Amino acid sequence: MEIISAITGATPLIIGAAIGTVIGLVPILKDTAESNWKKQFRKQVRLGIIKNHLTYEDMQHIAERWSQDRKSILFSLRIMHSEAISGEDEDLAKNIDSIRELIDKHQNQEPYSELPENISIQLNSLNSKEETEEQVSQLASSLSELYLSNQQKHSRQVKFTYWGAIAGGIGVFIGVAGLYFAVAGSA
């Protein structure tokens, strides 16, 4: 009888812990899926570059396939560029000119791809006026730094969520183990 009363008393605790764990895991799973999509995108673009089959338009189609935005495309190209320059990837090093060409084309197509889309559109319209070109460049630089700092804060929050979920899972485990030993000790 004591076992049943202990279990019914702990049911809300267990349900609450399960809900908290699931809620804590959702951002982690989302981030993991997005990271996997970036890796798959880079893998396919890398193979296209190595085989000399990749055009900028092909890369755009691959980016759509893996849900990559303008900023992610540029970031992935820069990663491949740094791997080619450093010699980490010999196959990419042989095709560094192709990578540079893709980066140049991307920056020509999306000159402010590091910024949110609405700001990028506004800057493109301002940039068409020659007398404001220097002002636009300064504004773009400032906004880029602001956006980068926000992305870093978001990254930190994801890490805190991850470690919080782990700590919560450990807490649930300890709570359930304590409940088990309490019931076993009273029997």
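## Close-ups of a helical protein

Figure 1. Tyr-162, Trp-163, Ile-166, Ile-170, Phe-173 and Ile-174 together make a nonpolar surface patch of about 660 Å². Keep in mind that this is a predicted model. One member of the patch, Tyr-162, has its place in helix H7, which covers residues 133-186.

**Figure 2. Two aromatic rings, Tyr-162 and Trp-163, paired up.** To describe a pair of aromatic rings, you give the distance of the centres and the angle of the planes. The count here comes to 1 aromatic pair. That pair is Tyr-162 with Trp-163, with 5.2 Å from centre to centre and 80° between the planes. The pair counts as edge-to-face because its planes are over 60 degrees apart.

Figure 3. What about Tyr-162? Its relative accessibility is 36%, so Tyr-162 counts as partly exposed.

**Figure 4. Arg-65 over a ring.** Which residue lies over the face of Trp-66? Look for Arg-65, which sits at 3.8 Å from the centre of the Trp-66 ring.

**Figure 5. Asp-89 in a loop.** Where do you find Asp-89? Its place is the loop that links helix H3 (70-86) to helix H4 (90-94). Leaving aside residues up to four places away in sequence, Asp-89 touches Arg-46, Glu-83 and Ala-84.

**Figure 6. Stepping back to the whole chain.** How many helices and strands does the protein have? The tally is 7 helices and 0 strands. Read from the N terminus on, the elements go α-α-α-α-α-α-α. Of the 187 residues, 25% count as buried. The accessible surface comes to about 12,700 Å², and carbon and sulfur atoms account for 58% of that surface. Now for contacts along the sequence: take the ones between residues at least 6 apart, and 67% of them join residues at least 24 apart.

Technical notes. Residues are numbered from 1 along each chain as its sequence is written. This is a predicted model: local features need pLDDT of at least 70, side-chain atom pairs count only at pLDDT 80 or more; totals for chains, interfaces and linings use all residues. Side-chain values use heavy atoms; hydrogens and water are left out. Rings of Phe, Tyr and Trp (its six-membered ring) pair if their centres lie within 6.5 Å; planes under 30 degrees apart count as stacked, over 60 as edge-to-face and the rest as tilted. Buried means under 20% relative accessible area, exposed over 50%, partly exposed in between (1.4 Å probe, protein chains only). A charge sits over a ring if NZ of Lys or CZ of Arg is within 6 Å of the ring centre and within 35 degrees of the ring normal. Helices (H or I, at least four residues) and strands (E, at least two) are DSSP runs, numbered from the N terminus. Contact means heavy atoms within 4.5 Å. Accessible areas come from the Shrake-Rupley method with a 1.4 Å probe; for residues, only the protein chains shown count as cover. Patches are made of residues with over 30% relative accessible area and no salt bridge: like charges are joined within 9 Å, nonpolar side chains (Val, Leu, Ile, Met, Phe, Trp, Tyr) within 5 Å. A salt bridge is a side-chain nitrogen of Lys or Arg within 4 Å of a carboxyl oxygen of Asp or Glu.
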